[in-house]
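Dear colleague,

I am handing over the structure that I have been looking at, and below it you will find my notes. Please read them with the structure open beside you.

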Amino acid sequence: MNTPLLYSVTALFDTPDGIIHAAEAVRKAGYKRYDIHTPYPVHGMDDAMGLKDSKLGFITLGAGLMGGAGVFAFISWVFMAAYPNVIGGKPFFSWPAFVPVTFEITVLSAVLVTIGSLIAFFFKFPNNSHPLHDTPYMKAVSCDTFGISIQADDPKFDEAAVTALLTSLHPRTVAPVCYDEAELNHTWKTFDPKFLALLAGVALLVSAATYGTMNVVLYMPPFDWMMNQNKFKPQQTTEQYPDSRMMRPVVAGTVARGFTPYPYKGMADSAGKSLVNPLQPTAKVLALGKEKYLTFCSPCHGNFAKGDSRLRGQFPNPPTLHSDKVRTWPDGSVYHVITEGQNIMPSYASQISREERWAVVHYVRALQRAFNAKESDQQ
Amino acid sequence: MSNSAIDYTLEHPAVAGTPSAASIDEVITAPIDSKPSRGWWIGLAITGSMLGIGVLSVSWLFYKGTGVWGVNQPVGWGFDIVNFVFWVGIGHAGTLISAILFLLRQKWRTGIARFAEAMTIFAVMCALIFPLIHTGRPWLAAVYLLPYPNQHGIWVNFTSPLLWDVFAVSTYFTVSFVFWYIGLIPDFAMLRDRTKSKIKKIAYSIFSLGWRHSNRHWQHYEKAYLILAGFSTPLVLSVHTIVSFDFAVSVIPGWHTTIFPPYFVAGAVFSGFAMVQNVLVVTRKFFGLEHIITLNHLENMNKVMLLTGSIVGYAYAMEFFIAWYSGNPLEQFVFLNRALGPYAWAYWTMVSCNVIFPQLFWIKKVRTNIIGMFIIGVIVNIGMWFERFVIVVTSLSRDFLPSSWGHYMPTAIDFGVFIGSIGLFFTLVLLFVRVLPVVSMSEIKAVLPGAQPDHH
């Protein structure tokens, strides 16, 4: 059994005037480590105790400024750098629309940081093992009495002198408050292994429950009814049709809207002889042809149709289009090759429309002429 | 002082008579320490059943999808946004009482501030239900509500009023909760030092954080309270302003008006005071708090309702004037349609409840009559609910193209969710009056006669 240690000498007063006088007297007597306990803040007590103004406001100011500036910078970054996106035709940095969120975050960060530091640094809470807790003194000041407590660790502390001083102020009672060191040190530790194990257990339980709900329960009947709807989906089997295919083949002879079949399938010679370029080589047509050529043709044939793309050497080399063979081909043959493909070259019929193919033919002709210019072209 | 004239500089006393600090503790902790009465259980049974209806409706909503609601083209916003705005508005009275009246040094606020703050928190909780469930699958909604780094590499749209709403309402809830809890800390310490039950003692110790009523703490505490009040004041104005932006920033006729922010804030305070007054009238009677929540408190609240109700009435008139003055045929049609169209019954309910009945508060006899003020409070809340209904539904159901007009009718599930939110609110109020002190003991003691030193 430890001997009780003296924490402080306390006195209780019945009136607010009494406690103000007591605070002034104790301060004038030169004590530093004392405190006043009142059920509500008593006006004028800060002056009586000689306390300086609370510095809490500076924390609020700093936190609010940082929060507000931080979120404003973040939103600006989002709109100007991370994902520039035109919204309603406004400039990327349309700052008036950033104000509401900036204001809310300023308030939120200022308030949370203020209260957090108030509790953690100014009060040093939570602390439920202070020597004054559970004393008749604390029960009295908690209700309607005003108390002063001069601590034993004050440099001037002398039990007899302090008791005499407090008695001279006409209090209701004067009493020492003692504490048991062993009891005081018996507190819950944040890094107690049992506590950490409890935290880990709770975390595990919550994660498992969340995972189970989101990834298992929602995919079980009856919660899966939106996934398993009563309708046909492609690639599924069915017993409704003899061929078991849910995706029905098109009826023979079906033609898509706006589609004209290509009549020269596998007939390169006829195509070359019969087909004529329906487009005039205007600037517009050449621009379209250039665009399509650069998109679909240049990856193999090169930007200038010399067959010099960066694929050279990695596949059977794509041919140049400036060869005599291609130059003497009729337009229809070039068109036919784009449509049907040739050797390793696939068909581009689905990527390039008919009009665009003819435009490409014009553009190829223009390239050929540029690289084999006649005398008359020089002017 | 002249002997005949009334001295308007004198404040009404914050409490009636001269109760002692100890008797204040007795009265306020009585509901916490005693067994609940039969009336309380009956009340809880009613509100619990309403809450149950809400839970069933929301479960059905989650199972079947938002198709069970009455919303469809062209009225895509129905009961969900009506109820959201209604509940957020209810909350505003609490912050006004706890923050703005604190900054204005109105001592009479101490008796009702705690209760009003609690109602703020409960009302915002009810409000938050609606934006959450209207997504249909709220557990997947974080993607478009909250900015977090995701695999799409895209952020939420910080320039959208709906996103502002998320920030405003969640900030409002957090700050209100912190404000409320900070006010509760000294009271938790008082409860801790009073209670004889061991379990309660542990609970109160945890929640009091070890508060010791030290003046060195009170000093920072009072500063923090002032800072919180200072932040809550612009915050509460910003919240309903931003809620009104949901409408005002769009281009729908009847919504696209600059009067919306002040008009919405006044309406919010109006309905909030009506709700607080209603609940306080019942509570003070039920728990014998007539000398702490005095008739003077209720009268002051009725005066605030008279003021804000008149502002709302002015806004209704001004909307019509501007519609005519703007020369915009679409605006003009919308307002004529409100007053004479298919929802005229809702419009005239709104006008009579919000503009005509509260004018009775000019008469002192009505203002100080408990039954009279209670009935007017209920009427005001009905009227303010209809205000939101009128704004949302009439504008959407008949906008630009007559070929796309429609008619909105809520379904039973719509009503079920709304009833559930009312049940949640009053269930929380009933639980609150049993487990927490409904009046701030430390604040009320500080304004008792003789509580402060005579000089200094």
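How are H12(B) and H14(B) oriented to each other? This is a predicted model, in which local features need pLDDT of at least 70 and side-chain atom pairs count only at pLDDT 80 or more, while totals for chains, interfaces and linings use all residues. Residues are numbered from 1 along each chain as its sequence is written, chains are lettered from A and ligands numbered from 1 in the order in which they are written, and side-chain values use heavy atoms, leaving out hydrogens and water.

Helix H12 (residues 344-356) and helix H14 (residues 370-397) of chain B pack at an angle of about 140 degrees, with their axes 8 Å apart; axes are lines fitted to C-alpha atoms, for helices over the stretch in contact, and angles run from 0 to 180 degrees between N-to-C directions. H12(B) and H14(B) are therefore oblique to each other, since angles under 35 degrees count as roughly parallel, over 145 as roughly antiparallel, 65 to 115 as roughly perpendicular and the rest as oblique. Helices (H or I, at least four residues) and strands (E, at least two) are DSSP runs, numbered from the N terminus.

In chain A, four strands form an open antiparallel sheet in the order E2-E3-E1-E4, where two strands pair if DSSP finds at least two bridges between them. Strands E2 (34-37) and E4 (173-179) of chain A stand at the edges with a single partner strand each, so one side of each has no neighbour in the sheet. The twist averages 25 degrees from one strand to the next. Six bridges join E1 (residues 5-13) of chain A to the antiparallel E3 (residues 146-151) of chain A, and Ser8(A) stands opposite Gln151(A) in E3(A).

Best wishes
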